[in-house]
Amino acid sequence: MSGCRKVVTLLDAYADGELEPEHVLEIEGHLADCEGCSARLQLEHATRKSLRRQVYAEAQPSVAFQDRILASMQAEAEREAVAELDSGRRGGALSWASIVPLAAAAAFALLWSAKVDHPQTKTRTTDKVTASAGPVSFEQVLDELIDRHIDRSSPEVTEPALLDGMEPQVGVPVHFPSLAQYGARWQGGKVVPIRNQRAASLRFLVDGHRMTVYVYNSEHFPVATSFKRRVVRNEPVYTGWKRGYSIATTDRHGVGYAVATDLGEDEGAEIVASLH
């Protein structure tokens with residue numbers, strides 16, 4: 001019971017990734033044996049995740065705001081087009097510098113007319129803009145990678161040979177990684193949502209430490225440029241920390257790999273560099 005009281009006082013800091021690695025290991029060990037504290041942590045993560053999604057949803061620009069911006073841009077394009085035409089009439093032939101903006105303005109006007117005249121087209125266009133409004137930030141991706149890493153739900157696939165069947169959902173080939181040289185023991189895997197995309201989540205144990213290997217389409221996720229870049233096995237690898245866990249990422253011709261664990265950066269970088 002005294003152990004539970006100590007853990008409860010540290011759960012907020014643990015969830016925020018503010019604990020030192022040795023304290024993280026202590027908390028992880030207690031959570032593995034205590035269902036009550038584990039359930040409390042799951043509730044904490046669920047509450048934070050729900051709040052984060054609500055904040056992200058409310059931060060998205062409304063359709064009305066997008067329409068106002070689009071109308072303003074169209075009006076400005078038309079104004080510049082008229083000004084350039086008047087200038088051309090007074091001064092002779094138009095230059096290429098003038099022709100290009102005019103062509104863009106004309107195309108913009110045509111698109112705007114189609115948007116107004118065809119309500120169905122307007123709906124489809126608006127949906128597309130809303131779905132892709134704003135780039136996915138790397139911090140958001142990292143948060144979801146950590147959420148999936150600490151999730152203790154059961155894997156959907158335990159046979160390595162079945163991982164190939166994840167490709168239609170993930171969009172890139174998913175193969176069983178050979179990590180025996182690192183003492184990694186296979187636990188299972190499944191397809192998980194990361195933002196508005198999907199990734200393969202493959203779980204291992206390395207000397208009692210949980211490790212998650214993610215495989216995803218790197219075109220759908222931002223490159224970890226905010227992380228420290230290093231070269232391992234002649235491959236560029238990006239490493240850093242998030243909420244007390246190390247993250248190492250790399251890219252193999254459009255196939256992205258990420259390793260999340262409480263091991264050090266060097267171990268994560270070495271493992272992710274071995275993936276292909």
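Predicted model: local features only at pLDDT ≥ 70, side-chain atom pairs only at ≥ 80, totals over all residues.
**Ground rules.** I number residues from 1 along each chain as its sequence is written, and my side-chain values use heavy atoms, with hydrogens and water left out.

Entry 1: I took helices (H or I, at least four residues) and strands (E, at least two) as DSSP runs numbered from the N terminus, and I counted two strands as paired if DSSP finds at least two bridges between them. For burial I used relative accessible area: buried is under 20%, exposed is over 50%, and partly exposed is in between, with a 1.4 Å probe and protein chains only.

I looked up β6 (residues 245–252) and found seven of its eight residues buried. Strand β5 (residues 235–242) runs antiparallel to β6 and is joined to it by five bridges, with Y238 standing opposite T249 of β6. On the other pairing, β6 and β7 (residues 255–261) are antiparallel over seven bridges, and there A248 has V259 in β7 as its bridge partner.

Both connections are hairpins: two residues separate β5 from β6, and two residues separate β6 from β7.

Entry 2: R243, in the loop between β5 and β6, has a phi near 55 degrees, a positive value in a residue other than glycine. D207 is not a glycine either, and its phi is positive at about 50 degrees. It sits in the loop between β2 (197–206) and β3, but D207 counts as exposed, at 68% relative accessibility.

**Entry 3: the nonpolar cores.** I defined a nonpolar core as a set of buried Ala, Val, Leu, Ile, Met, Phe, Trp, Tyr and Cys residues joined through side-chain atoms within 4.5 Å. The largest core has 30 residues, and Y14, L145, I194 and Y214 touch the most other members. Two or more residues each come from α1, α2, α3 (35–59), α7 (138–150), β1 (184–194), β3 (209–217), β6 and β7, and the largest share, six residues, is that of α7.

For contacts I required heavy atoms within 4.5 Å. Leaving aside neighbours within four places in sequence, L145 is in contact with I194, Y214 and A258. Apart from this core lies another, of 29 residues, which includes M166, A184, M211 and V215.

**Entry 4: K190.** K190 is in strand β1, and I noted that it counts as buried, at 12% relative accessibility. For a polar contact I required a pair of N or O atoms within 3.5 Å; within protein, one must be able to donate a hydrogen and the other to accept it, and residues adjacent in sequence count only if both atoms are side-chain atoms. The side chain of K190 makes such a contact with the side chain of S153, at 2.5 Å. Beyond four places in sequence, the residues in contact with K190 include D151, E156, M166 and S201.

Entry 5: With a disulfide taken as a pair of cysteine sulfur atoms within 2.5 Å, I count zero disulfides. C34 is in none, and the nearest cysteine sulfur, that of C37, is 3.6 Å away.

From C37 I turned to V8, which touches C37 and R40 when residues up to four places away in sequence are not counted. V8 is in helix α1 and is partly exposed, with a relative accessible area of 34%.

**Entry 6: E18.** E18 is in the loop between α1 (2–15) and α2 (21–33), and it is exposed, with a relative accessible area of 58%. E18 and K242 are 224 residues apart in sequence, yet 9.2 Å apart in space, C-alpha to C-alpha.
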